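Good morning, and thank you for coming. I ask you to look at the sequence and the structure together while I speak.

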Amino acid sequence: MSSSIKPIPEGYHSVTPYLIVKGGAKAIEFYKQAFGAKELGRMTAPDGRIGHAEIQIGNSRIMLADEFPEMDARGPESFGGTPVMIHLYVEDVDAVAKQATAAGARELRPVKDQFYGDRSGMFADPFGHKWNISTHKEDLSAEEIGKRAAAVGH
């Protein structure tokens, strides 16, 4: 490997979510409308499914593809839901929550101030993925978070 080649490519972080969905092209459009995503590229299979695509939300990239059951690639809808949640930090959680629901997201937990210093809410996108959308409001010590958690019964 050449010393000029970076082991983590420019523009990527150590962890990059890879979402599998039914309806990849529709998902990309939803993420653009809901979260201001920018499409960085896509490769379409001969049958029209998206074999691989990349979007960027804020400073983070997300890879995605259509379901390919023949390759054991299935989205949340094929499993009846997902155990995974994506945490998305934004400048204005209230504005992004309205934007996301207008684009078709379903509110699972309304946006409110949280004991740990974030204002956040949880949403499900139309493709079965869960998103916890937050704006950080307060820097708190672990001790203060613990006191607040106890006060609200967590």
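R49 lies over the face of F68, at a distance of 3.8 Å from the ring centre. There is another arrangement of this kind, in which R61 sits over the face of Y12, with 4.5 Å to the ring centre. Please keep in mind that what you see is a predicted model.

Let us now consider the chain as a whole. It has four helices and eight strands. Read from the N terminus on, the elements follow the order β-α-β-β-β-α-β-α-β-β-β-α. The C-alpha atoms fill a box of roughly 55 × 45 × 25 Å, taken along the principal axes. Of the 154 residues, 37% count as buried. Among the contacts with a separation of 6 or more, 51% come from residues 24 or more positions apart.

I turn next to the aromatic rings. A pair of aromatic rings is described by the distance of the centres and the angle of the planes. How many aromatic pairs does a search of the whole structure find? The search finds eight. Take F30 and Y31: their ring centres are 5.4 Å apart and their planes stand at 70°, so this pair is edge-to-face. Both F30 and Y31 are buried. F30 also forms an edge-to-face pair with F127, with 6.1 Å from centre to centre and 65° between the planes. This second pair links distant parts of the chain, since F30 belongs to helix α1 (residues 24-35), while F127 is in the loop between β7 (118-124) and β8 (130-136), 97 residues apart. Why does F30 count as buried? F30 counts as buried because its relative accessibility is 4%, and F127 does so because its value is 9%; the cut-off for buried is under 20%. Ring pairs join F30, Y31, F35, F127 and W131 into a cluster.

Several of these names return in the nonpolar core. The largest such core has 29 residues, and those with the most contacts inside it are F30, Y31, F35, I55, I57, W131 and I133. At least two residues each are supplied by β1 (18-21), α1, β3, β4 (60-66), β5, α3 (93-103) and β8. Which element gives the most to this core? Helix α1 does, with six residues. W131 has contacts with a number of residues beyond four places away in sequence, including L19, Y31, F35, I57, I62, L88 and F123. There is also a second, separate core of five residues, which includes I20, A45, A65 and F68.

β5 pairs with β8 in the parallel sense, over five bridges. Within β8, I133 is the bridge partner of L88.

H52 lies in strand β3 (residues 50-57). Is H52 buried or exposed? H52 counts as buried, because its relative accessibility is 18%. The side chain of H52 makes a polar contact of 2.7 Å with that of Y18. Leaving aside residues up to four places away in sequence, H52 touches Y18, G41, R42, M43, M63, L64 and A65.

A105 is in the loop between α3 and β6 (106-113). With a relative accessible area of 11%, A105 is therefore buried. A105 touches F30, A100, F123 and A124, again not counting residues up to four places away in sequence. The C-alpha atoms of A105 and A34 are separated by 7.8 Å, although these residues are 71 apart along the chain.

Most residues other than glycine have a negative phi. D72, which is not a glycine, has a positive phi of about 60°. D72 is found in the loop between β4 and α2 (76-79), and D72 is exposed because its relative accessible area is 60%. Helix α4 (residues 142-151) is hardly covered, with one buried residue among its 10. Just after α4, G153 takes a positive phi of about 85°.

Thank you for your attention.

Methods. Residues are numbered from 1 along each chain as its sequence is written. This is a predicted model: local features need pLDDT of at least 70, side-chain atom pairs count only at pLDDT 80 or more; totals for chains, interfaces and linings use all residues. Side-chain values use heavy atoms; hydrogens and water are left out. Buried means under 20% relative accessible area, exposed over 50%, partly exposed in between (1.4 Å probe, protein chains only). A polar contact is a pair of N or O atoms within 3.5 Å; within protein, one must be able to donate a hydrogen and the other to accept it, and residues adjacent in sequence count only if both atoms are side-chain atoms. Contact means heavy atoms within 4.5 Å. Rings of Phe, Tyr and Trp (its six-membered ring) pair if their centres lie within 6.5 Å; planes under 30 degrees apart count as stacked, over 60 as edge-to-face and the rest as tilted. A charge sits over a ring if NZ of Lys or CZ of Arg is within 6 Å of the ring centre and within 35 degrees of the ring normal. Two strands pair if DSSP finds at least two bridges between them. A nonpolar core is a set of buried Ala, Val, Leu, Ile, Met, Phe, Trp, Tyr and Cys residues joined through side-chain atoms within 4.5 Å.
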